[in-house]
Amino acid sequence: MKNLKATVIDACYNTQVRRFSNITAICEELENYEAKSCNLDEINKAINNIQKNADKSCFSFLTKYFALHRRYDENYEKLPIYDKYVQEYINAFYSTKGIKGKFKDTDKKAENAYEKFYKCMEKILEEENEGIKENEKLNFSDLDNKIWFCAKLIRIILNSSEKNLENLEFNIKDENNKNNYKLAYFKKILEQEKNEKIKKQKNN
């Protein structure tokens, strides 16, 4: 059953874990953990143990595996997931705020990677919820959807443009707040997606 769940998560979320790891072996290791009820220490231990035996980092897949078991169940704490867009959101937040403790891409296979990632995302969530009413505050699932939607919106903008992408420029200004990490994230993803689309156009 865990093998089926893992395969579906891998396929739907494009974690690419099957390209470099034996997903069956990973699932056998996951049998030792009850994903829905695991506490943070147990998740951190699980990810440490599994990644030690993987030929490359499967950190993104593992964060999704544990988080998605809780996403639609109000009885359990929501958990953050990791992907390239989340990493860029982290980069934007910590660079504009000028604070320490950032989770870096190179930290994914480090010891206690999940613990560091969780604390990093917890800091961002606190900032997101500052000044918001208690019953309107975001959880990690909400934050993930927000980050994903922004990237999706950017793809729609680029796909709908009839202009030459190499000459396409966007004037995005925020005169009120020059340290807006959300704006910094939007600009970074916009540039990445634009360059990726240009590359694909040239290869076709």
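A residue counts as buried under 20% relative accessible area, as exposed over 50%, and as partly exposed in between, using a 1.4 Å probe and protein chains only. Asn112 has a relative accessible area of 32% and is therefore partly exposed. This is a predicted model, in which local features need pLDDT of at least 70 and side-chain atom pairs count only at pLDDT 80 or more, while totals for chains, interfaces and linings use all residues. Residues are numbered from 1 along each chain as its sequence is written, and side-chain values use heavy atoms, with hydrogens and water left out.

Asn112 lies in the loop between helix 5 (84-97) and helix 6 (113-128), where helices are DSSP runs of H or I with at least four residues, numbered from the N terminus. Although Asn112 is not a glycine, its phi is positive, at about 60°.

## How helix 5 meets helix 6

The axes of helix 5 and helix 6, which are lines fitted to C-alpha atoms over the stretch in contact, with angles from 0 to 180 degrees between N-to-C directions, come within 11 Å and cross at roughly 65°. The two helices are therefore roughly perpendicular to each other, a label that covers angles of 65 to 115 degrees, whereas under 35 is roughly parallel, over 145 roughly antiparallel and the rest oblique.

Contact means heavy atoms within 4.5 Å, and the residues of helix 5 that meet helix 6 include Val86, Tyr89 and Phe93, with Phe117, Cys120 and Met121 among their partners in helix 6.
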